[in-house]
Amino acid sequence: MVYDTLVQRIYPTRKISKILLNSTLTLIAVTAGVNLIMPFTTGISILTGGMTGILNFYYLLLTVKRSMTMEIDKISSYVAVRYWMKFLLTAILIFVLVSRHIIEPVPFIAGFTLVVFNIIFLIFVRKMEVF
């Protein structure tokens, strides 16, 4: 019982959900806006990059959450293997999509970094207490 309380304190579910929701809404708005003024492939590239970034963040969340319930001597190998698997799959995805000219690299990177921008924005809003 004490362990569950500790995990809940360390693992702020509402904040993570807010980051994922804000990232998804921002991605939809940015993609819709870009599709109005840019070619279709640019919008698809941003959407693909954003979805990849959101899924990477969610996968990291699952890895951290699972590692908190493991034995302490198994955590480092588990996290390392999952991290490198995620990195390798993301690299293969980017390579295939860019080499086959399905997406454009720069808008993909812009979409991919949306999660980071949303985290920075939420920290800024929290410190300024705007909302």
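These are a few numbered notes on the model, going from the whole chain down to single residues.

1. **Ground rules.** This is a predicted model, in which local features need pLDDT of at least 70 and side-chain atom pairs count only at pLDDT 80 or more, while totals for chains, interfaces and linings use all residues. Residues are numbered from 1 along each chain as its sequence is written, and side-chain values use heavy atoms, with hydrogens and water left out.

2. **Confidence.** pLDDT is the predictor's confidence in each residue, on a scale from 0 to 100. The chain has a mean of 82, with 87% of its residues at 70 or more. Among the elements, helix H1 (residues 2-10) has the lowest mean pLDDT, 50, and H4 has the highest, 93.

3. **Overall make-up.** You'll find six helices and zero strands here, so named because helices (H or I, at least four residues) and strands (E, at least two) are DSSP runs, numbered from the N terminus. Read along the sequence, the pattern is α-α-α-α-α-α. Of the 131 residues in the chain, 28% are buried; buried means under 20% relative accessible area, exposed means over 50%, and partly exposed is in between (1.4 Å probe, protein chains only). Take the contacts (heavy atoms within 4.5 Å) between residues at least 6 apart in sequence: 71% of them join residues at least 24 apart.

4. **H3 against H4.** Two packed helices are described by the angle between their axes and the distance between the axes. For helix H3 (residues 40-67) and helix H4 (residues 75-99), the axes come within 10 Å and cross at roughly 170°. That makes H3 roughly antiparallel to H4 (angles under 35 degrees count as roughly parallel, over 145 as roughly antiparallel, 65 to 115 as roughly perpendicular and the rest as oblique). The axes themselves are lines fitted to C-alpha atoms, for helices over the stretch in contact, with angles running from 0 to 180 degrees between N-to-C directions. H3 contributes residues including Thr 48, Thr 52, Asn 56 and Tyr 59 to the contact, and among those from H4 are Lys 86, Thr 90, Leu 93 and Leu 97. Sorted by type, the residues of this contact are seven nonpolar, six polar and three charged. Here Ala, Val, Leu, Ile, Met, Phe, Trp, Tyr, Cys and Pro count as nonpolar, Asp, Glu, Lys and Arg as charged, and the others, Gly among them, as polar.

5. **H3 against H5.** The axes of H3 and helix H5 (residues 105-112) come within 6 Å, with a crossing angle of roughly 40°. The crossing is right-handed (a crossing is left-handed if the near helix is turned anticlockwise from the far one by less than a right angle, and right-handed if clockwise). On the H5 side, the contact is made by Pro 107, Phe 108, Gly 111 and Phe 112. The H3 side includes Gly 49, Gly 50, Gly 53 and Asn 56. The tally for this contact is four nonpolar, nine polar and no charged.

6. **Gly 53.** This H3 residue is worth a click. Gly 53 is buried, at 7% relative accessible area. Not counting residues up to four places away in sequence, Gly 53 touches Phe 112 and Val 115. Gly 53 and Phe 108 sit 55 residues apart in sequence, with 9.7 Å between their C-alpha atoms.

7. **Asn 56.** Asn 56 is another residue placed in H3, and it counts as buried at 13% relative accessibility. Leaving aside neighbours within four places in sequence, Asn 56 is in contact with Lys 86, Thr 90 and Phe 112.

8. **The end of H2.** Val 34 lies in helix H2 (residues 13-37) and is buried at 15%. Beyond its neighbours within four places in sequence, Val 34 is in contact with Thr 42, Gly 43 and Ile 46.

9. **His 101.** His 101 belongs to the loop between H4 and H5. Its phi is near 60°, a positive value in a residue other than glycine. His 101 counts as exposed, at 70% relative accessibility.
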